[in-house]
Each structure stands twice: as structure tokens, then as C-alpha cells.
Amino acid sequence: MWVTPAMAREWLERYNTHNRKLSHYISRRLRDKISADLWYANGESVVFDWNGVLLNGQHRLDAIATGKVAVCVLVVFGISPGAFATYDQGKTRTGSDVLGMVGHSNCTILASALGWAISDDEREGADDLRKLDRLAIQNEKIHELVDAYPGLVESVYYASARKSRLAPYGLLAYLHWSFHNHAPDHAPDFFKKVIEGVNVTKPSWEHSLRARLDGDLLGRRTGPDQVMIAALFIKAFNRVLFQEPCTTFTRNGKEFQPFLVWKPGPEHFPRLKPGPFPPCEGAA
């Protein structure tokens, strides 16, 4: 039936007596979908028991009640009051589920990489990527957004095939895609050295990055967080791009190579430095 804002308000006022606390965040998200014409009559129902009590659908009704248009909703009446305990026990459909339904593979990695790519676009010069590293993507839009980032699927294949423990696969796919777009002549050699360990020498920024990430992962249960890993990758790649010397130093009679560090707060989240770049001597 078509539920108008006035009907939704009346149902909530008169019959919503036994529901959990309303989440205004969820209600607002649903209202935004209605406003953006992303609402679908997908079979999920608003449910009343045989006493007239609202059992399910308060967030949908609140979104309609605070909106301006009528919405087509499946409404069920006369359910046993005891059925309330059986709602919301299913698994929530994720963005990776949607990607799989439209034919993509490695969907969890692709969804994660896409989130990183969109987050990087959205921050627009912000000091820190930390606030955006878990950006939620609407399931209705996620498969369309893949086309907005050409080459990302190929980078997902790269990350999934390497099975590296130095970075989460989704983040690695995003970094691989981003670096190849930024400096296509330099990125292949960088990833071969860092991720695959091919022709990596000491001292070098690639070896320093490998040592930092591998050391952290071996020394801590969870390793550095993803924002830290991304920052270290970018700092190392910037130094490789401009051929900054990786000079060793001596301490207590032992020789060490430079240690990559990013300190969030006092130090802005790094960005890839623009070219032109010196020629890449080791490019494959």
C-alpha cells in the first residue's frame, strides 16, 4: 500500500509501543534513499500483530513520516505477538555480496579497495585519512562505482594473487591502483621489490618499508593499523620517485638503514608528490 507521511506519523504515535529505541541515524539514511529515489519495494514488510501493535518497520515509517512523499510499502497485519523475537536474525547483505551478485570476483577485496579509493577522493586535502578509512558505500551504488575507477579490478587481482602479509588485501589493491595511476613507470618495480621481494637491496626505501611492516607484524598481534600502513607506503614511494638517498647510520658499532615513520597528529597524512619524476632505472 502507499503510505503517506501523515499515515506513518499516526501509526508511530498510536501503535509503536513495544519497539527498540529508534535510531535516528538509520532513519535518516532511509529518508535520504527515499529523497534520492533509491527506495525499492523489495518485499520487506511493516508488520502489526493481531492487537494492532507495530512489530517491525519503525525506521521505515519514521523515514516516511519525516519525509514529504508517499512510499509504496508491503504491510502485514494480524501476526502473532510472539513473532517479534524472530526478527532481525538474518545476515545483513554487504557491499561485497552485491558485487558478487553482479558478477565480480574477489568481492570483499574489491569492496574494501573501492572504499579506500572513494575515501581518498572525499577527503579533498584533509590532514588525515583516518576519519574516512571506513567510509560506508550504499549497496545500491557500489557496483556502479566500480566503473568510476578503471583499473581497480586488475589491482584487486594483483593483491589477491600475491597473498602478502605486509598489508591487508583491500588496502594493497588500492595502493597498487593509486601508485600505478600516479607513476606507471615506477610503480611496477616498487611493488615487485616491496611485496614480492624481487631484487630488493639493502639499504633502500623498499627494503626499509618491508622491514618496518614485517617487523611490526611479527612483534604485534594485529600489526599497525591500515591508515599507518597506507602512510608508510606513500612516504616510501615518494622517496623512491625522487630518488632520495637511503643512507645508513651507525649506532653502538652497528649499521642501520633509515626507519620509516609517520606520526599522526603533528604530521599530516602524506599525499603522492606530483611529477615530473627522474627516470626509473629499475622499472620492469
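Start with the largest nonpolar core of this predicted model: select Phe179, Phe190, Phe191, Leu209 and Phe233, which touch the most other members among its 53 residues. Next, color the elements that supply two or more residues to this core: helices H4 (95-101), H5 (107-123), H6 (139-146), H7 (152-162), H8 (169-182), H9 (187-194), H10 (205-219) and H11 (226-241).

Now zoom in on Phe191 and show its neighbors. Leaving aside residues up to four places away in sequence, Phe191 touches Tyr158, Leu172, Leu175, His176, Phe179, His180, Glu196 and Phe233. From there, move to a second, separate core of 16 residues; Leu12, Val46, Leu61 and Val73 are included in that core.

Select Lys202 and Pro203: the peptide bond from Lys202 to Pro203 is cis, with omega near 5°. You will find Pro203 in the loop between H9 and H10. Another cis peptide bond runs from Gly275 to Pro276, where omega is near 10°. Pro276 sits in the segment after strand S7 (254-256).

Which phi values are worth a look next? Go to Lys163 in the loop between H7 and H8. Its phi is near 50°, a positive value in a residue other than glycine. Lys163 is exposed, with a relative accessible area of 59%.

Last stop: Gln243, in the loop between H11 and strand S6 (249-251). Here too phi is positive in a non-glycine residue, near 55°. Gln243 is partly exposed, with a relative accessible area of 43%.

Definitions and conventions:
Residues are numbered from 1 along each chain as its sequence is written. This is a predicted model: local features need pLDDT of at least 70, side-chain atom pairs count only at pLDDT 80 or more; totals for chains, interfaces and linings use all residues. Side-chain values use heavy atoms; hydrogens and water are left out. A nonpolar core is a set of buried Ala, Val, Leu, Ile, Met, Phe, Trp, Tyr and Cys residues joined through side-chain atoms within 4.5 Å. Buried means under 20% relative accessible area, exposed over 50%, partly exposed in between (1.4 Å probe, protein chains only). Helices (H or I, at least four residues) and strands (E, at least two) are DSSP runs, numbered from the N terminus. Contact means heavy atoms within 4.5 Å.
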